[in-house]
Amino acid sequence: MDGAALDALREALRGPVVGPQDPEYDGTRAIYNAMIDRRPAAFARCVDAADVMRTVTFARQRDLELAVRGGGHSGPGLCLVDGALTLDLSLMRWVRVDPVTRTARVGGGSVLGDLDHAGHGFGLATPAGIMSTTGVGGLTLGGGHGYLTRRFGLTADNLIGADVVLADGTFVTVSEDERPDLLWALRGGGGNFGVVTSFTYRLHPVDTVGVAITVWPVESTREVLDWYRTFLPGAPRDVYGFFALLSVPPGPPFPEEIHGRKVCGVVWCGTGSPERPGPDELSSAVSEPAPPLFHFAATMPYPALQAMFDGLIPTGLQWYWRGDFFDRITDGAIDVHLKYGENLPTPLSTMHLYPVDGAAHDVAPGDTAWAYRDAVWSGVIAGIDPDPANAALIRQWAVDYWNALHPFSMGGAYVNFMGADEGQDRVRATYRDHHDRLREIKRRYDPENFLHANQNIPPAA
């Protein structure tokens, strides 16, 4: 993009435009995953829906490729494309809570911490991830799951409306009554159908939650997973626990003598009453598979739980991840988890199994674009390290682990856990028989596939 074009874009927008010659360019193009090193032609840092409309129109008129960035947490870096224009929503961070209707309207560039903080003032929350720095946009459009999913469903299940700038630059409002086909697609179909400038969510009474962390020696993975695969699906919906393989972080609440040790573990969240938060009752249960190395239980405000891992995995690390859905944890899968858990390549590399049962199973398979209502876990394998010299190491470990585990999966994955290098067959597998319907909706709202810097769903012919 030449200087004249940059000047024209600056003239059209209220928000700043950052080009390669600007001193803030390198800082602006940095995203959560430092393995991504791309050089867009410019960043249009939009501050309102009018800026978004003008940016989309500007890109179309000049035949520029367009990418969209919200929180910048895209693992494969889909928010950045070399030589393209990035429509940056990160200045559109605001939340408006209506405590009477128990809803929240949220700016498209907001992160989960913004929503958690605003809702907590009224004792309200909605299911959304496990880290406060994650962008609401990408998480929601992919479906979204987190600590509250077993009790209140997916993030997308709680999406009741949106303001959207379409691929032709026009602005529309979406709800169950207005363009319900588009709302259906936004509930899990990714960023294929428009640029969402605001989301409206249903909120639920959530204030103080019970939190527990239990870890066992990694050698106990077989016994722990054998117990967990039965215990968790049978637990009350107000008890959530994601299973992890990890190295113990060097800090509280973990005692120094186990810092750095390879372990398997479960992070628990209970949303029952303060008198019965859930995880406090686990002290005896978690001893069933094997004696824990460490068990910690406390109560805390929900936003504190959401932010608990922010410092451990901050922006700027090298990441490579792969995911899959699972309806069961087989003996063969347990063998794979034990093998790769014993050989974590770096201290931050990990594997998580997130529960997506409970209330998420109450929604009919055809009611949203999320196509795996029969999944019980959403798994992710993440190679993570601060050193770029280890990028190939963590990538190979994640790929090898995924290749070994995939035969025990359901075939598709949570779209936000998919890499950019997995191909269209994986996208189709992720949407199952919803794929054709999504292609028809794509044809209706973006027939030229202008918005394609995503896990792409091409328009129907």
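Trainee: Which residues of helix α4 (residues 112-120) are called buried?

Mentor: The model is predicted, and in it the buried residues of helix α4 are Leu112, Asp114, Leu115, Asp116, Ala118 and Gly119. The word buried requires a relative accessible area under 20%.

Trainee: What covers the buried residues of α4?

Mentor: The cover includes the strands β5 (95-98), β6 (103-107), β7 (124-125) and β10, together with the helices α5 (136-142) and α10 (302-306). Contact here stands for heavy atoms within 4.5 Å.

Trainee: What makes the pair of aspartate 7 and arginine 10 a salt bridge?

Mentor: The closest N and O atoms of aspartate 7 and arginine 10 are 3.7 Å apart. The limit for such a pair is 4 Å, so 3.7 Å qualifies as a salt bridge. In general, side chains of opposite charge can pair when their charged atoms come close.

Trainee: Where do aspartate 7 and arginine 10 lie?

Mentor: Both belong to helix α1 (residues 3-12), where three residues, about one turn of the helix, separate them.

Trainee: Why does aspartate 7 count as partly exposed?

Mentor: Partly exposed covers the range between the 20% limit for buried and the 50% limit for exposed. Aspartate 7 has 49% relative accessibility and therefore counts as partly exposed. Arginine 10, at 30%, is likewise partly exposed.

Trainee: How do you know that glutamate 176 and arginine 187 meet in a salt bridge?

Mentor: Their N to O distance is 3.1 Å, and because the cut-off is 4 Å, the pair is a salt bridge. Glutamate 176 lies in the loop between β9 (171-175) and α7 (180-186), and arginine 187 in the loop between α7 and β10 (195-202), so the pair ties together parts that are eleven residues apart in sequence.

Trainee: Are glutamate 176 and arginine 187 buried or partly exposed?

Mentor: Glutamate 176 is partly exposed, since its relative accessible area is 48%. Arginine 187 has a relative accessible area of 9%; this value is under 20%, so arginine 187 is buried.

Trainee: What is the N to O distance in the salt bridge of arginine 229 and aspartate 226, and where do the two residues lie?

Mentor: The distance is 2.6 Å. Arginine 229 and aspartate 226 are three residues apart, about one turn, in helix α8 (residues 221-234). Arginine 229 has a relative accessible area of 22%, which makes it partly exposed; aspartate 226, with 40%, is also partly exposed.

Trainee: How many salt bridges does the structure hold?

Mentor: The structure holds 28 salt bridges. Through shared partners, Asp26, Arg29, Asp37 and Arg39 are joined into one network.

Trainee: Why is α8 called oblique to α11?

Mentor: α8 and helix α11 (residues 331-341) pack at about 135°, with axes 9 Å apart. Roughly perpendicular ends at 115 degrees and roughly antiparallel needs over 145, so α8 is oblique to α11. The crossing of these two helices is right-handed. On the α8 side, the contact is made by Thr221, Arg222, Leu225, Asp226 and Arg229, and on the α11 side by Asp331, Ile334, Asp335, His337 and Leu338. By class, the contact of α8 with α11 has three nonpolar, two polar and five charged residues.

Trainee: Why are α1 and α3 described as roughly antiparallel?

Mentor: The angle between α1 and helix α3 (residues 49-61) is about 155°, and their axes are 10 Å apart. The term applies over 145 degrees, and α1 and α3 are therefore roughly antiparallel. Their crossing is right-handed. Ala5, Ala8, Leu9 and Ala12 of α1 make the contact with Asp51, Arg54 and Phe58 of α3. These residues divide into five nonpolar, no polar and two charged.

Trainee: What is the phi of asparagine 449, and is asparagine 449 buried or exposed?

Mentor: Asparagine 449 has a positive phi of about 55° although it is not a glycine. Most residues other than glycine have a negative phi. Asparagine 449 lies in the segment after α14 and is buried, because its relative accessible area of 16% is under 20%.

Definitions and conventions: Residues numbered from 1 in each chain as written. Predicted model: local features only at pLDDT ≥ 70, side-chain atom pairs only at ≥ 80, totals over all residues. Heavy atoms only, no water. Salt bridge = Lys/Arg side-chain N within 4 Å of Asp/Glu carboxyl O. Helix = DSSP H or I, 4+ residues; strand = E, 2+ residues; numbered from the N terminus. Buried < 20%, exposed > 50% of the residue type's maximum accessible area, 1.4 Å probe, protein only. Axes fitted to C-alpha atoms, helices over the stretch in contact; angles between N-to-C directions. Parallel < 35°, antiparallel > 145°, perpendicular 65-115°, else oblique. Left-handed = near helix turned anticlockwise from the far one by under 90°. Nonpolar A, V, L, I, M, F, W, Y, C, P; charged D, E, K, R; others polar.
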